[in-house]
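Hello! I am passing a structure on to you, and I have written up what turned up in it. Have a look at it first, then read on.

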Amino acid sequence: MVTRISSPKRSRVSDADDLVELARSLLYEQALARVNGEFAGAVAAIPKRSSVAEGDLNYNEIFIRDNIPVMIYLLLDGKSEIVRNFLDICLKLQSAEFQTRGIFPTSFVEKEGRLVADYGQRAIGRVCSVDATLWWPILACIYVRYTGDRAWATRPEVQSGLHKVLELILHPGFRDSPTLYVPDGAFMIDRPMDVWGNPLEIQVLLYGTLLSSAFLLQIDLQERSNTPDDAFTESRIHQFRYAVAWAKRLRRYLLTHYWVNNQTIQILRRRPTEQYGESITNEHNIQAETIPHWLQDWLGDRGGYLIGNIRTGRPDFRFFTLGNCLGAIFDIISPAQQRSLFHLFFRNREALFAQMPLRICHPPLESKDWRITTGFDRKNLPWCYHNAGHWPCLLWFFVLAVLRYEERRGHFTEDGSAVVNPLLQESYELLLQRLPQQKWAEYFDGPTGVWIGQQARINQTWTIVGFLLVHHFLKVDPASVRIMTLPDLNSLTLPE
């Protein structure tokens with residue numbers, strides 16, 4: 001177990017206020033970028049004084065994934081017009097090419113008066129970010145529910161964009177599984193890490209996309225309920241029903257095959273293999289030898305989580321922080337399972353929080369596994385970058401998940417005492433102490449997250465905004481965590 005460095009001294013209120021103002025000034029005065037003269041999102045990192053071409057690569061572009069926390073904060077801060085503009089610009093950039101029709105770009109930038117988008121053709125490894133496409137309907141749903149701007153949802157270009165997204169992901173394939181199959185590096189883990197196939201984060205985002213898209217379709221169909229039937233309306237009704245049905249099936253699948261705790265692991269280890277037919281207990285033919293021994297201590301008696309991936313004979317039991325936090329935020333896992341997840345975080349706080357919350361995944365790929373799986377990727381050395389590095393931009397997701405649970409269910413306790421809230425406060429204090437000293441670095445390396453990432457950019461926007469969201473949820477308005485609540489499956493119905 002990692003030895004924990006002593007916690008920082010509690011900062012004075014004035015220190016926190018000063019840091020919040022500093023972070024806000026960095027966001028509003030340096031990170032926000034304009035397109036056609038209007039704010040349209042934030043760059044990935046505030047550019048260095050030196051030439052962008054020399055050192056910043058594409059960090060001066062507006063990334064859809066990186067802008068999700070930015071847009072959530074802007075909504076909370078009363079800047080909904082920027083969020084709407086961001087959504088509209090992304091919509092204009094939705095691909096119309098035959099093979100990629102419906103996808104949204106990973107990033108975009110204005111050059112010489114025109115928008116230049118990256119659909120993977122400029123990316124390292126030429127991998128398209130699938131999560132950018134899945135995040136757009138989720139953010140659109142959050143925007144409409146938070147602002148009440150139903151008129152925006154019914155605009156033809158919005159509905160057409162949703163239609164293209166659903167056409168892209170609801171098409172028939174060669175697999176019966178309800179999961180979305182993607183290549184390695186297609187989401188936040190954007191370099192080779194053996195996360196190809198059905199990685200957790202993509203499946204959770206797919207669930208959110210299905211709910212969000214159905215909600216936005218429902219608004220338009222309700223508004224036009226008295227209009228004559230036409231082929232396009234009929235296709236949207238079909239997509240609505242298909243999306244809701246698939247979301248239900250996907251949730252059952254994730255809870256059946258991705259959720260593990262001490263009891264499910266013991267059952268899985270004793271299941272027979274080499275089974276054939278419909279009524280079998282080991283669908284993915286998982287051998288007991290693929291279940292790592294570190295799970296005993298990691299799970300304990302009460303811990304539970306969604307594993308990183310399910311593939312035939314090759315389950316990935318690594319813990320991925322973002323996918324699990326979103327699984328709680330989107331209510332894929334039940335309240336009881338959320339308690340088990342929070343217990344797991346608390347039990348493994350030395351590994352996951354350490355000196356820079358939170359670790360992106362655990363455990364890292366090392367030695368031969370690192371060499372073979374990552375292709376000797378120098379950025380993903382063990383305990384570095386996406387190979388178990390520490391990312392402060394992830395903490396707000398965990399804070400939101402805990403506060404959402406506690407608002408509805410009461411404080412999470414261990415042996416009768418509240419333990420998670422002190423952990424959140426301690427993590428907040430770590431951000432207060434370290435982020436300004438470390439110049440809002442992108443990520444941190446090492447088993448405790450003490451070192452700035454070897455190739456980390458400073459003044460990373462989602463590090464800055466992640467801190468602002470943690471501060472807002474913990475110190476300003478805990479009830480605002482409702483902003484990420486998606487429609488309930490039972491509410492997604494159409495009149496007969």
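**What I found**

The side chains of glutamate 407 and arginine 482 come together in a salt bridge, with N to O at 2.7 Å. A salt bridge here is a side-chain nitrogen of Lys or Arg within 4 Å of a carboxyl oxygen of Asp or Glu. Glutamate 407 lies in helix α16 and arginine 482 in the segment after α18 (461-476), so this pair ties together parts that are 75 residues apart in sequence. Helices (H or I, at least four residues) and strands (E, at least two) are DSSP runs, numbered from the N terminus. Glutamate 407 counts as partly exposed at 37% relative accessibility, and arginine 482 counts as exposed at 52%. For these words, buried means under 20% relative accessible area, exposed means over 50%, and partly exposed is in between (1.4 Å probe, protein chains only).

Before going further, please keep in mind that this is a predicted model, where local features need pLDDT of at least 70 and side-chain atom pairs count only at pLDDT 80 or more, while totals for chains, interfaces and linings use all residues. Residues are numbered from 1 along each chain as its sequence is written, and side-chain values use heavy atoms, with hydrogens and water left out.

Aspartate 331 is in the loop between α12 (321-329) and α13 (335-347), while arginine 408 is in helix α16, so the pair ties together parts 77 residues apart in sequence. Aspartate 331 is partly exposed, with a relative accessible area of 25%, and arginine 408 is partly exposed too, with 43%. There is also a network of salt bridges that links Arg24, Asp77 and Lys79.

**The nonpolar core**

In soluble globular proteins, nonpolar side chains tend to be buried together. A nonpolar core is a set of buried Ala, Val, Leu, Ile, Met, Phe, Trp, Tyr and Cys residues joined through side-chain atoms within 4.5 Å. Which residues touch the most other members of the largest nonpolar core? They are Tyr305, Phe398 and Phe467, in a core of 170 residues. Helix α8 (residues 200-223) gives this core its largest share, 14 residues. Leaving out residues up to four places away in sequence, phenylalanine 398 touches Cys325, Phe342, Phe345, Phe353, Leu358, Val420 and Leu424, where contact means heavy atoms within 4.5 Å.

The peptide bond from proline 357 to leucine 358 is cis, with omega near 5°, and leucine 358 lies in the loop between α14 (349-352) and β9 (361-362). Another cis peptide bond runs from histidine 362 to proline 363, with omega near -5°; proline 363 is in the loop between β9 and α15.

**Cysteines**

How many disulfides are there? The count is 0, with a disulfide being a pair of cysteine sulfur atoms within 2.5 Å. For cysteine 128, the nearest cysteine sulfur is that of cysteine 90, 13 Å away. Cysteine 141 has the sulfur of cysteine 90 as its nearest as well, at 16 Å. Cysteine 128 is partly exposed at 22% relative accessible area, whereas cysteine 141 is buried at 0%.

**A hairpin and some positive phi values**

Strands β1 (residues 32-35) and β2 (residues 38-42) run antiparallel and are joined by 4 bridges; two strands pair if DSSP finds at least two bridges between them. Arginine 34 stands opposite phenylalanine 39 in β2. The hairpin has 2 residues between its strands, and asparagine 36 takes a positive phi near 55° there.

Aspartate 194, in the loop between α7 and α8, has a positive phi near 60° without being a glycine. Alanine 388 is not a glycine either, yet its phi is positive at about 75°; this residue is in the loop between α15 and α16 and counts as buried at 0% relative accessibility.

Enjoy exploring!
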